[in-house]
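Morning, everyone. Have a look first.

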Amino acid sequence: MAGAAAEERRLATVVAGWQGRPVLVVGDAMLDEWRFAESERLCREAPAPVLTLRRRISAAGGAANTAVNVAALGGRAALVAPVGADVAGDELHDCLDRAAVWDRTVNQPGRPTPVKRRMLAGNQILLREDSGDPEDALDDDGVAHLLTALHCATEELRAAAAGQPLTLVVCDYGLGALPSAVRAWLVANRDRYATVALDAHDLADWRGLNPTVVTPSFAEATRLLARAAAGFGTGHRSAPRGATAADLHLDHLADPADGPSELVVGAAPGGAGEREPGTPHPTSGALADEHGGGFAGPTGEPTPGEERVALTGDGLSVTGTGVTVNAAAGAGVDRAVLAESRLDELREHTGADVVAVTLDTEGAVVGGADGEPRRSHSTPVPASHAVGAGDAYLAAMTLALAAEASLPTAAQLAQLAATITVSDTGTCVCRREDLLDALGSGPEEAGHPTQVGAEELAAIVAEHRRAGRSIVFTNGCFDVLHPGHVRYLTQARALGDLLVVAVNSDGSVRRLKGPDRPVNPVEDRTALLAALECVDHVVVFEEDSPAKLIEAVRPDVYVKGGDYPPEMVPEAPLVRRLGGQVRTLGYVPDRSTSAIIDRIRAHPVVPPVGEGRPA
């Protein structure tokens, strides 16, 4: 037991070490929409259930969910992606805002935001409707704006990183957010990022990026091996070193009518895999198009059939990809064994230091330069619970490697992050607190009430700091609690492990705001704040300035609301002298306490007849 506790503390130290790591996420952002319905009868027109919508949830998806997971795990995430000027785009911006992701997306009028709409009855997904055509290519202006956003976001993260090296995460799901010019820019600027993670449906499009880690699914890995056997197109090396046609061959391709997963291979940097305009899609058994160009096999989102493995007379056939691999292991060979046998080739073809082949409910197989495969396991869950679990895996793996954790440690934390997110239906997000709780190192709430005095707060903060947790501190009157406050406090909480809110006493509010304030007494104000999930501790101070509390708490991050730069915050010099940093978070327009009070006063209550009002 002592050894297990020491291991958990070691892993928790890695999680603490990646706090605030600057991560740029770029790629295909989308909106996940969940519609929860009930069905009690069939319709008369067809043998189909009649659904009654009960609840609707929107969440960030794709690259956006990866960025949300990075932020939720404690990293500093910025997202660059094209987003449509539509209702779905507005909802996606709100999702990023709530998650404290730096939203550096590029508005694309006329190009819809990709959406995945799922309709559920009970815990069962009945249907999924996808919108957003991958053939809606970015125009020249859109590409130029995307390249500008990449450069600016990189420099912005560098300025805020306080010397920490930058990390890049590329999420390419074949929806058109990463055209050849953008891929070429990322390859050319690879040295600006110390750690690079790549999650792509078609890994061959990224030859030359040389990422730190790639995280293909089993289908994506076999697809890459298929393209390697076909030579990636004219001018590139053909089969893997030492491989022959008997070792790896293609006997068929997926049915071209197989829906949205049957997409055209995009152009890789340098033209690898580029397809001539007007070239017909290959038919079964074709390895190259009629122009002799690159292999144009299935790309985009893998179908369920692409994940199946069947034992055949001459080897293991991966259904849907058309890949048959000879294996001497015989009967009983599973996907993990097959993935382990090809890790070195996958590393060679991707140029990656680390390859993590994810196997959904069967965990993952991870390999690095030492040639030692590592296997992790997960618990099978309903499919509706696992949406986005790969994003949590990618985020945790990337943060761990950026924090210079060993590969076994990074693989262990990544699998744990993915596993603990699948407890319920919805898009998976792993929070830092959940990961620490799973390691037995979450904040110890026992004996620590939310509302505390100044002396008690100092002791609590000291205890958390000894455990390696970072302290976020903010202050204000919080007279009439409104959505602007909630969003502000949620964003503040995402900047560290513990949020302390200092509240002006009634006398202090009167001196600052006038004799008619506060509207609510301090007991009510602190009770409402203490009820918020994002607030850990609330303390009242009598002075006009929280300087004494700041000196006692010595916060790692001091947060104020407003649209002014941190240099204009009066407490900034004190916070910096104590070794902390200052952040300002913008307010929600028309959501200030004063504006709410003014609206109330502008519409006085009219008493009903019989209570001072004549009939």
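**Cavities, then the sheet**

The second largest cavity holds about 40 Å³ of space. By cavity I mean a set of points on a 1 Å grid over the protein atoms alone where a 1.4 Å probe fits but cannot get out; lining residues have an atom within 4 Å of a point. Volume is the space filled by probe spheres set on the points, joined across faces, edges and corners.

This is a predicted model: local features need pLDDT of at least 70, side-chain atom pairs pLDDT 80 or more, while totals for chains, interfaces and linings use all residues. Numbering runs from 1 along each chain as its sequence is written, and side-chain values use heavy atoms, without hydrogens and water.

What lines that second cavity? Among others, Gly27, Asp28, Arg111 and Leu175.

The largest cavity has a volume of about 60 Å³. Of its 10 lining residues, Thr222, Leu225, Leu338, Ala339 and Arg342 are closest to the centre. Helix α6 gives the most, four residues. Helices are DSSP runs of H or I, at least four residues; strands are E, at least two; both are numbered from the N terminus.

Now the sheet. Four strands form an open, mixed sheet, ordered β3-β2-β8-β9. Pairing needs at least two DSSP bridges between two strands. β3 (49-62) and β9 (124-131) are the edges. β2 and β3 pair antiparallel over 13 bridges.

Methods:
1 Å grid on protein atoms, 1.4 Å probe; cavity = no way out; pocket = protein on both sides within 12 Å on 5 of 7 lines; lining within 4 Å.
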